[in-house]
Structures are given as structure tokens and as C-alpha cells.
Amino acid sequence: LEKPGKEDVEPDNDTKLVAHLMNLFDEYKDSDYRKKYLENDDSEVKLAQKRYRQDRDAKTFPWTNCSNKQMPLSAIAVDHLEPRLAGMLASDSEFVSVKPVGEEDIINVTNVIKDIHWLLKNVADWKKTVFETIHDLLINGTIFLLPVQEEQKKKRRQRIIPTPEMVAEILSQKLPPEMMEIIPMMISDPQFPDNLPPEILEQIPDFEDKESNDYKLPIINLDLNDVYAPSKCDKFEDVPTIRRFSLTKDELKTKSKKNGGPYIVTDSILRAFEEEKTIDRKTITSEHLDTEGSAYKEELDCLECYLKWDLKDDAGYDWVLITIAKPIEKIIRKQRLIEVYFDNEKPIKRIRLWPESKALYGHGIPFIIRHIETGCTDLFNQMIDSGTVQIDPWFFYEPASGYDPDQVSLAPGKGVPVVDASKIHFPNLTVSAVAYLQFINFLLAMFERLTSLADYGMGRESESTSKGGGTLGGI
């Protein structure tokens, strides 16, 4: 029998896993749906953000320096809803409801609700992210949230108050054995600790440093560009998902398995940081500072993958968490998901506005009102331009009129000498501003119907007897 060639050798499980994940990443990244929604210059998200910020491309029609204003309907809708929604979630009121399983749980409902709110406030730091997540959700229509476990050691300094035990220990070291009997008498004296000799008081430090472990479970609002998933999926919670992020060398070493963390650190992985250096210290520009955030950072591009896979560890086919160092395509973290998240469910959660069936992304307010906002903007600019040409119209003149544009400047109340004014002709450009305002008000009525922001948000008294509903109620 011939010996199997090198190309016939079965790759190990890790090699198969890395190849599978890199193929998934390329498939997700190259999706036309993702590019149209997120990455192209005219993508839904980029246009929505431009409309909210009221950024306008340069405009030269119908003439240079014509009116180029943006009607801020997106900003009105988002800024009207955002504080109201954030106020509901970030207020001190209890918005979590608890349903008891049995009769014996009824008496514990109140305490459970309080415990959940305490965890959200103190462990999850919910209030730190609630405003930005709602803001992004209203504009982009989609957000991805990830709870991350963090445990930090903190050193705190606190003032020392002398205790009988502390003084007894110090006195036992300073006094000779024959005087040990006076220690209980000194401690029991009502004047304690003022009755202590100065040389004893000097031995008691004013402060002491103590270390404590702070455990947090902050909820991170992930950048849409950093989350990769199938364009079409029935249940997002069941599909493989990839998060792109960066690790510094210090973070990788601190969280290495050697230091009790999850990451595998080898020489080849550390060398990958050298491969990632694309900016020379001597060529740092202000543009680099704006985009990178610092003059020089050693960071490793990583892919954190959540999928179901058989790790060949007798646990079978189940959810796993795999992190790959992208430049060298090597696994630097490999764990069963249940070891990290006890519920054994993919931790990345998706929230969408105006979702479509099986679509990965939803739609934000600027996308929903884009035609109404464009119509209002065009009418508003046309109204300003029509007023401009009525105040300072163009005209036609015959050479025999005596008008010389190179020798004449126009100004209110200033006369212009001509030979024959009958040879100067002005077109009739009269357009009533009221007509424009009527059309704009019609579109604003459609905007109100579409978003249902409430009459007070439009600056008028409410004529509706409704108790809620609309955009705010739906969200």
C-alpha cells in the first residue's frame, strides 16, 4: 500500500474549525445585503446618520450658492423619542415585572424585583449605556448588545480606628512579659484609646491599604460594523455570529491562561502584534490621532465567534466560544459557552425597529421618513430660492439699452443709469410662498401620521382622545 501523501492527511479539529470560521467571516463580510445596509457610501445607515446630523452634499443646481438647507425631521423625531424612552428605563421606577411560579413565590416577588433592579444599576451599569443604545436604535434601526464579565482588583486606602485587639497586639510586642497584666486594664479603661502612651499611639498607622475585587457585568453596545451574521435568518439567536474586536498586548497577557484568564498566549501569537504594526512612530499624523485615538497602539485584530461545534472533548455538539487571531488565523481562546455564560445561550442580543421577516437588520426613523423629509427639504429650498430670484431677479437686456454689467453694481435704493429702459426685460417669476407652505404642512401631517410623535411634539395642542399607541407605544 502506498503511504498517504501530505495532501491526504486529515486536518485536525482546530484546523477545520478555523477554516470554517474564516469562510463564514468572508461570506458575511462580502454580503451585498450588508454592504447596501451598512458599508456603501449610500448605505441605509450612513444616509440615516447624515440626515440626523443634517449634513448636506454640495449643491450647484439651480445655481451656485443656491439654498441647501436640511429640514430636521429625523432629528425632531429621534430627539423627541430618545429622552422619553431613556427616562422610562433609566428612572428609579421599577420597569421589570416578575411572575411567581407557585404560591410560595408570591411573597418573594417584591424582593426579587428589587434585587434585579439593584443588579441592573450596580452590576450591569445599565444607565451608562441606555441613552446611547436608544439613540443608535432610533437612527440605525438595529443594535447588538453584549454583556461582558469584568473583574478588577482595586486598592483602596482607608483610615484606621484603633481597636482593642490591634492595641493589645502592639502592646504585647512592646511591653516586657511582667507588664502584660496591665494590657486588659488599659483596654477596659473608659478613656481608651486616649489613655495610651504617645509611644504606643505612634505605632498605630493612620491609614491602611486594602485590596478588593469589583465584579461588573456591563452591557456593551456593539458597533454595527463589528458584528457579522447571516443576511437572512429565521432566529438570530440560533445562527453563528462573529464579533470583531481588538486586543492589546497587555490585555492579552493579563487575561492569559497563565494569569487565570481564557486566552492562549504563545510566541507566534505575540509575534502577530508585530505584523499588525502598520504605522511608524515617526509618521504619525493628525489623521492617525483622530482615527486611532492614540499616537501608537499595539493591537491584535481578533474574531470572537459563537457557534455550535463538536470540540471532540466528549461533551458533544453544542455552543462554543472561539477567538481567532485574524492575521495568523490561530485560535487564542476555545471554551464551551456554558463555561462562560451559564444559560448556554448566545450572549449577543439583537434589537430591531421596523423589522422585516428573516432580515438581519431593521429600519430606523430616518429611513422610514426619508421621502417625506426629502420632500420637505426640497420644497423649503425651492421656497428660499424663489424668494431670492423675486428680490434679485435675472433679466434680459439689449446692447442698445446702455446697460453695462461690468460697470454697474446693484444695491437696494441705488439707481442704475441706462439709455433705454424699454430694452431691458424681466421675466415673470412670481411664486407665492404660501403655496410652498401649504405643501410643506401637508407633508408634515404625513410625517405626524407616520411617526405618531404626539401633537405636543409638533408644537400644538392635542386634539386626540387616544391614550397612547403610535411610534412611542410601539417601541
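Which helices and strands each supply at least two residues of the lining of the largest pocket? They are strand 1 (142–147), strand 2 (150–159), strand 6, helix 10 (249–254), strand 7 and helix 13 (337–340), where helices (H or I, at least four residues) and strands (E, at least two) are DSSP runs numbered from the N terminus.

This is a predicted model, in which local features need pLDDT of at least 70 and side-chain atom pairs count only at pLDDT 80 or more, while totals for chains, interfaces and linings use all residues. Residues are numbered from 1 along each chain as its sequence is written, and side-chain values use heavy atoms, with hydrogens and water left out.

The chain has 17 helices and 12 strands, and 33% of its 475 residues count as buried, that is, under 20% relative accessible area with a 1.4 Å probe and protein chains only.

Five strands form an open sheet in the order 5-6-7-8-9 with antiparallel pairing, a pair being two strands between which DSSP finds at least two bridges. Strand 5 (227–228) and strand 9 (330–336) are the edge strands, each pairing on one side only. Helix 1 (residues 13–29) packs on this sheet and touches strand 5, strand 6 (241–248), strand 7, strand 8 and strand 9, contact meaning heavy atoms within 4.5 Å. The direction of helix 1 makes about 105° with that of strand 7, as taken between N-to-C directions on a scale from 0 to 180 degrees, with axes fitted to C-alpha atoms and, for helices, over the stretch in contact. Within the sheet, 9 bridges join strand 7 (residues 299–310) to the antiparallel strand 8 (residues 317–325), and leucine 303 stands opposite isoleucine 324 in strand 8.

The two pockets compare as follows; a pocket is an open set of points on a 1 Å grid over the protein atoms alone, with protein on both sides within 12 Å along at least five of seven lines, and lining residues have an atom within 4 Å of a point.

| Pocket | Volume | Lining |
|---|---|---|
| Largest pocket | about 950 Å³ | 28 residues |
| Second largest pocket | about 490 Å³ | 22 residues |

Each volume is the space filled by probe spheres set on grid points joined across faces, edges and corners. Val148, Gln149, Glu150, Lys255 and Pro262 lie nearest the centre of the largest pocket, and strand 6 gives the largest share of its lining, 4 residues. In the second largest pocket, Leu120, Ala124, Pro147, Leu217 and Ile219 lie nearest the centre.

How values were computed
1 Å grid on protein atoms, 1.4 Å probe; cavity = no way out; pocket = protein on both sides within 12 Å on 5 of 7 lines; lining within 4 Å. Buried < 20%, exposed > 50% of the residue type's maximum accessible area, 1.4 Å probe, protein only.
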